[in-house]
Every structure is written in structure tokens, then in C-alpha cells.
Amino acid sequence: MKRFFEIIIAFLMLVPISADAQSVGVVMSGGGAKGLYHIGVLRALEENGIPIDYISGTSMGSIVGGLYASGYTIEEMEEVALSGDLARWVSGSIDPKYSYFFIDRERITSMIRVSVGVEGNDMSQRPKVLLPGAMMNTAEIDLALNSFFTQASTGAQGDFDKLMIPFRCIGTDIQQHRAVELRSGDLARAIRASMALPVAFPPIEIDSVLMCDGGCYDNFPWKSLDESFHPDIIIGVCCTNMETPLNKNSSVVDQVMSLITKPSDFNLPEGRSVLIQRTVAASTLDFGKAAEIMADGYNDALAAMPEIKRLISRRMSNEEYAQRRAEFRSRCPKATIGEVNITGVNDNQRRIAERMMKIGSRGDEVLHAQEFSENYLSTLANGIARSEFPTFTYNYNTERYDVLLPLSARPHFDIALGGNISSTAFNQAYIGFNYNKIGRVGQSFHLDVLLGPVYTMARLWGRTTFILDKPLYVDYAFNFNIHNTLNGNFGNLTRVDNSAPIRMMENFIALAAGSAFERKSVVEFRLNTGSNSYRYSMDMYEKRQYTHFDYITPAVVLDRSTFNKPLFPTRGSHLMASAMYAYGRDRRDSKQESDMNVGENIDMIRQWWGVKALWEQYVGIDPREIFTLGYAVEGVYTTHPEFDSHEATMLSSPQYAPLLHSRMIYMPEFRADRYLGAGIMPTVRLYDNLYARLSIYGMLRDKFNGSVMHYMSDFSLIYHTPIGPVSLALTKYNLHNKNNLYLTFNFGYAIFGRKGLHY
């Protein structure tokens with residue numbers, strides 16, 4: 001009898017396992033941007049009918065695995081990867097579309113901004129420089145993760161085994177120095193913990209445990225998958241070199257991760273596993289290579305498909321995949337917002353944050369998650385508060401999501417540093433001191449100081465903002481500007497015959513009241529009063545002449561901008577229309593300076609009015625915006641009178657200066673009381689943040705030096721760094737000769753102050 005049972009058992013061992021009994025688990029490594037490789041692998045598995053019953057992942061592997069386990073299609077995941085959103089999220093900046101233009105309009109763009117304050121809310125501490133806890137602001141990432149996973153988490157009732165595909169991800173307990181398997185709770189928070197790269201992203205608490213990136217202690221969690229689900233077959237997907245070699249050119253994030261990462265076990269169990277692996281040629285945060293990375297994953301999975309099909313005889317059709325997604329998604333409630341509870345700030349700040357987010361003012365009107373997210377990001381982008389990870393909890397009584405929104409007050413003080421480093425005389429050093437306070441109204445005071453051999457500026461200004469449904473503000477400022485081209489080189493490669501040395505000094509007081517009737521638009525009434533002094537040369541005088549113009553100028557302005565960059569934009573538009581009136585006294589004293597030795601005093605009243613309109617737009621020609629076409633039209637009409645001297649007339653006239661270089665130098669031919677200008681600016685993205693830009697502009701004006709048409713153009717190479725653009729420009733003015741050709745290098749943000757005469 002014993003021999004009989006031994007024969008039966010041996011026979012059964014030779015019988016192939018039933019296809020229906022096979023279960024398949026997929027494990028995905030971390031790797032930042034390299035983890036987009038997993039999406040390509042999933043596409044290949046689906047197209048070949050390979051079933052996926054369980055998923056585990058770490059860091060980027062947890063994001064991709066979580067999306068798939070939550071019922072997202074491959075096409076939806078690819079769309080996110082290719083949208084450019086990932087690159088923006090990890091840049092740490094909030095999309096400019098959420099910021100109010102009226103705030104950015106007056107703020108000088110700096111290269112570095114440092115907060116000064118106390119930690120927490122203990123005002124008894126001595127103020128100090130507050131360094132950020134991480135390189136990246138995760139506000140957009142946090143909202144995106146909630147958008148992706150909150151409904152799925154509700155549909156699974158907080159149990160990751162009840163997702164469309166049972167799921168595990170790994171976080172690291174910072175205090176206990178150990179890997180933690182996350183299997184239940186808030187899915188968005190769990191994945192946020194799993195991807196919290198040290199230094200790059202701040203850690204996050206789960207059940208009072210502070211957690212960071214799971215890759216620190218388990219970057220390939222196949223054992224977690226195996227122990228939790230016991231799959232028959234394991235497909236491992238690894239997008240990094242298992243030994244992680246570094247060199248002197250490795251990024252800071254890669255170096256830190258190498259120091260703190262414990263070696264992971266990549267040895268899958270023999271006989272029931274397949275490893276799909278490649279050392280993806282991308283850095284941790286290089287999301288610009290999404291298409292190539294996903295293609296690598298797809299091709300590598302196809303190469304491994306014969307081995308996968310040999311192990312796995314079971315198949316799942318496209319219809320079965322679709323049915324499985326539809327069944328799970330039917331359990332996920334709609335994303336509408338119920339009560340919002342804001343914590344961590346005082347009552348005034350909370351009320352203003354609620355007003356910005358339009359909380360409590362809608363009655364029974366449904367607030368959808370997308371609208372809430374936009375209002376929330378606008379609150380953060382405009383400096384009302386700083387964010388922590390929000391929590392969305394489904395209320396089964398109201399059938400809406402209640403939101404716990406922890407915020408923290410921004411420090412009142414910050415110091416801004418910036419300027420421009422140039423191959424020309426147009427070097428600048430900028431420092432700004434800023435005080436901001438949110439009470440019943442927004443209150444801010446600023447001191448901006450800019451020093452340079454060509455352009456110097458000092459500005460003391462303040463703003464009071466009434467945060468209503470449509471914000472209202474009042475500005476008040478003292479401005480002092482000096483533009484001096486008497487000395488210095490501006491990069492000329494050839495003889496220059498269209499510019500002249502001048503010195504303009506402006507000091508004026510400005511008062512303004514305006515309203516942001518929409519996020520990117522402002523209508524403003526402005527009143528400037530002050531004095532301009534012009535110093536220039538005249539043929540009939542030995543010494544340079546001085547003209548002083550004391551004035552008062554009211555103006556009304558409509559301004560709208562959606563540019564994606566403050567300098568060298570590649571997307572968005574700018575519309576500006578204004579009307580102004582000027583009344584003032586023109587004074588010049590030229591006694592004993594004439595070649596004819598005839599002294600004279602000039603003291604005349606000058607007044608005029610004028611209008612100006614500007615339209616500039618940049619549009620992407622292809623879906624990936626590799627080629628962008630920009631175009632601009634600008635027109636000015638004034639009744640600007642003749643001053644005592646032609647030079648003073650030109651210096652006080654509106655200026656056409658669409659090129660950066662054209663704002664540095666003084667060219668009389670591009671100043672006129674009325675003109676029409678137009679330009680075209682094609683731009684090509686050569687590589688990531690490297691662009692080539694050609695700009696060609698023409699100006700139609702009254703006859704000057706025998707011509708009514710005047711031209712300027714440049715060809716620029718531009719590289720956008722995190723602290724400012726680097727540009728190399730070849731600039732040419734007019735086409736009738738070889739003169740007026742310039743070559744300039746600039747790094748940073750060239751700064752120009754407001755003009756007392758508005759134009």
C-alpha cells in the first residue's frame with residue numbers, strides 16, 4: 001500500500017499545474033524617473049494577456065503599482081508620464097497658473113530667497129534663518145496623490161487587499177531604521193511615504209511613525225509580496241543597477257541615497273520567477289525622458305516574454321482586464337468635497353484661507369475636487385500659508401469627502417538675492433528685504449536695492465490687500481532709478497552708430513489702487529509724481545546738458561499675463577492696454593555753455609496724453625512643445641510735445657525695447673511719440689532646459705534718419721537653471737549696414753524698475 005501511494009504522489013508531481021490555479025505577482029523597484037520603466041513593462045504584459053494578481057512596489061514602483069492596482073489604464077498612466085506634470089511636481093514649484101498676477105507684477109524676480117523667523121509658533125525664540133526641511137515643495141505632489149488614490153482607497157475601504165489588484169508598498173521608519181510594509185489605511189499617504197526621497201522630499205507621519213522612502217531599506221520588496229500573497233510566479237521589474245555605482249558627476253540626490261540605502265535582495269526564487277532588468281540611463285529626477293524610459297521597459301518585457309509565457313500558461317483577455325477595472329471603479333464614489341477643516345494657523349489666517357478657497361460661501365452648491373485643488377494651490381502660491389499633507393475622508397452620510405487641511409503660517413521676513421552677471425557693463429547686484437503679514441488684511445513692506453554701473457535702483461514700497469472674492473489692493477512707493485550709458489562696453493563687435501551716451505535719473509512717488517478681477521488679470525489706477533533729470537550731449541554745447549522735468553501723471557492700466565517664465569517665456573500670453581496724462585514743467589539752464597557764449601534759461605509747461613497696447617503670445621506647435629512660435633504687436637499713440645532740446649524730447653518719449661539688450665542702451669531711433677512695432681520669435685527646445693531662440697522685430701514710426709522702418713533682431717541660446725537663465729545672444733540693429741552688432745552673455749535676471757512717466 002505504501003508503494004502505491006508513493007507512485008500516485010510521483011505521478012501527480014509530473015502533472016502540470018492547472019492554468020486556473022496559477023497566481024502571478026509583480027514586484028517593482030524604486031528609482032525615481034527611472035521607475036517609469038514599469039509602465040512599459042505593464043503594457044507588454046497586458047498586450048500579451050499575462051495576468052497580474054498581486055503587486056508590490058517601493059518609491060516610484062509604489063506609484064506605478066498603486067495606479068495600476070487602483071484601476072488606471074496603461075493609457076492613463078502614460079498620459080500622466082508624458083504630460084510634463086511629473087517634472088513640474090518634483091521641481092518643487094507650484095504651477096504659475098495658480099498665482100495672482102497682481103502679486104508677481106510688482107515683485108522683483110530673485111535667484112535666492114531665504115526666510116527669517118522662528119520655528120513653529122513660539123514667538124519668544126530669537127529669529128533665525130530658516131532652512132527648508134527638503135529641497136522640494138510637495139504641495140502639488142500631495143494633491144496629485146490624493147487625486148489619484150483617494151477614491152480607490154475609499155472603494156477598498158482602506159484595505160489594500162480589496163483594491164482592484166491586492167497591493168503592498170514599502171516605507172522606511174526613520175526612528176527605528178527599518179522597512180515597514182504598508183497594507184492598509186490611506187493609500188495616498190502610504191504611497192507618499194514610500195516615495196519620500198530624503199533631502200528631496202519631506203518625510204511624512206503614518207500612525208505617529210515618521211517615514212521616508214522605502215528604498216532606503218528595501219528597494220525591491222519581492223519578499224513582502226511573497227510572504228503576503230504566496231504567488232505561484234513572481235515577475236520582478238528593476239530599473240536600476242543593483243550595485244548602484246556612483247561617480248563624481250552623480251547628482252546630490254543619488255549620492256545621498258547611496259549613503260543611506262541598505263543593499264536590497266534582488267535574488268528572486270529560482271524556478272518560479274522572471275527578472276526584467278535594465279540600468280535606465282536617466283537621473284532620479286529626469287522625468288523629461290519619460291517616452292524613452294517607457295519604451296525601454298516595453299521592449300525589455302517583450303524580450304522576456306517567451307520565458308514568461310513558458311512559466312505562465314494562464315491568460316487574461318482585454319475584455320477581462322476592462323471588466324475588472326469597471327467593477328472596481330463602480331465601488332469608488334465621486335470626488336466631491338464636504339466640510340474642510342483648516343488647522344495650524346490663527347483665526348485671521350484661517351478666515352483668509354477659507355475666503356481664498358471659497359469655503360463656506362457656496363451654500364449647497366457642490367464643490368468638486370478639481371476646483372478645490374485649484375483654489376488650495378492658489379492659496380499656497382500666493383503666500384497665504386504653507387502646506388502639509390491633506391487628508392480626505394469619505395463621509396458616508398453626506399456622500400462627500402471631508403478634508404483635514406493642516407497649514408502653517410509663513411515666516412514674516414525674507415531676504416531676496418539676485419541680479420545679473422554679464423559680459424557687458426550691465427552687471428547688477430540685487431538685495432530685497434520683505435515683510436509680509438496676514439491679518440484681517442494682507443500687509444507687506446519691501447525695500448529693494450539694485451546696484452550696477454549702468455542701472456541702479458532703490459525702491460521702498462508697501463501694499464495693503466483686501467482679500468475679497470475679487471482681491472483689492474493699494475500700493476504706495478518711493479522709486480529712485482538711474483540709467484547711465486556714459487561709460488562701459490555693451491558687447492559691440494562692430495562700429496556703433498545708433499546709440500548715444502546718456503544719464504537719466506528718476507525719483508518719484510507712486511500711488512496705485514487695483515483689483516484682480518481674475519487670477520491673471522488686473523485693472524489699476526496709478527498716480528506718479530516726481531522729477532526726471534536727463535543728462536546728454538548737444539552739438540552746440542561743450543558740456544553735457546541737463547534737463548529737469550517735474551511732473552504728475554495719472555494712468556489707468558489693464559494688464560494680463562500667463563507667461564510660464566519671467567524672462568524668455570515659451571508659453572502663455574501678455575496683454576496690456578493703458579491710457580495716461582502727463583502735466584509738468586521742463587527746465588534747462590545752459591548759461592555760459594554755448595559755443596556762441598549766449599546764455600539761456602528754459603522753463604516751460606509741458607502736457608500730453610497717450611495710449612498704449614501690447615499683445616505677446618507663445619504657442620506650442622507640436623504636442624511636446626519642442627517648437628514654440630512667439631509673436632508680438634505693440635502700438636503707442638501720444639501727443640507728446642517737443643521739449644526745448646531734441647535730446648530731451650527723445651529721452652522723455654515712449655521707448656520700443658522688446659529685446660533685453662535694447663533696454664540696456666539708449667537708441668534714439670527706437671523712441672517716438674507714436675509707433676507700431678511687431679515681432680516674431682520662433683523657439684526650439686534643443687535639450688531639456690536648453691533653447692535656441694530667434695527674434696526679429698520691426699518698428700514703424702515717423703521718419704528718423706531718413707527712414708520710417710527700423711529693425712532689431714537677435715539669436716540666443718538660453719539655458720534655464722533653477723536660479724535663473726543663462727543666455728548668449730548675438731544682437732543686430734537695422735539691416736542697411738554691418739554696424740551695430742553685439743555679442744552678450746548674461747546669467748540671472750536683468751532688472752528694470754518702473755518708469756515715472758509710465759512708458
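**Reading the fold, feature by feature**

Tutor: Start with contacts along the chain. Among contacts in the protein chain between residues at least 6 apart in sequence, 67% join residues at least 24 apart. Keep in mind that this is a predicted model.

Student: How many helices and strands does the protein chain have, and what percentage of its residues is buried?

Tutor: The protein chain contains 16 helices and 31 strands. Of its 759 residues, 53% are buried.

Student: How should I read a nonpolar core?

Tutor: In soluble globular proteins, nonpolar side chains tend to be buried together. Here the largest nonpolar core has 78 residues, and those with the most contacts inside it are Leu36, Ile235 and Ile308. Helix H11 (residues 290–311) gives the largest share of this core, 8 residues. A second, separate core has 39 residues, including Met111, Met664, Phe670 and Phe752.

Student: Which residues is leucine 36 in contact with, leaving aside neighbours within four places in sequence?

Tutor: Leucine 36 is in contact with Met60, Ala81, Leu86, Phe287, Ala290, Ile293 and Met294.

Student: How do I read a cavity, and which residues are the closest to the centre of the largest cavity?

Tutor: Take the count, then the volume, then the lining. The structure holds 3 cavities of 30 Å³ or more, and the largest cavity has about 300 Å³ of space. It is lined by 24 residues, of which Met60, Ile63, Leu86, Met195 and Phe287 are the closest to its centre. Helices H3 (60–69), H4 (74–82), H5 (85–91) and H7 each give two or more residues to this lining. Met60, Leu86 and Phe287 are also among the contacts of leucine 36.

Student: What should I check along helix H7?

Tutor: Check the span, then the bend, then the burial. H7 (residues 139–155) has 17 residues and reaches 25 Å from its first C-alpha to its last, close to the expected 24 Å. A kink of about 40° is centred on phenylalanine 149. Since 15 of its 17 residues are buried, H7 is largely enclosed by the rest of the structure. Just after H7, glutamine 157 has a positive phi of about 55°.

Student: Is alanine 416 buried or exposed?

Tutor: Alanine 416, in strand E16 (residues 413–422), is buried, with a relative accessible area of 0%. Beyond its neighbours within four places in sequence, alanine 416 is in contact with Ser110, Ile112, Arg113, Tyr430, Ile431, Gly432 and Asn434. Its C-alpha is 6.5 Å from that of phenylalanine 433, 17 residues apart along the chain.

Definitions and conventions
Residues numbered from 1 in each chain as written. Predicted model: local features only at pLDDT ≥ 70, side-chain atom pairs only at ≥ 80, totals over all residues. Heavy atoms only, no water. Core = buried A, V, L, I, M, F, W, Y, C linked by side-chain atoms within 4.5 Å. Buried < 20%, exposed > 50% of the residue type's maximum accessible area, 1.4 Å probe, protein only. Helix = DSSP H or I, 4+ residues; strand = E, 2+ residues; numbered from the N terminus. Contact = heavy atoms within 4.5 Å. Expected span 1.5 Å × (residues − 1). Bend = angle between axes of the 7 residues up to and from the residue. 1 Å grid on protein atoms, 1.4 Å probe; cavity = no way out; pocket = protein on both sides within 12 Å on 5 of 7 lines; lining within 4 Å. Points joined across faces, edges and corners; volume = space filled by probe spheres on them.
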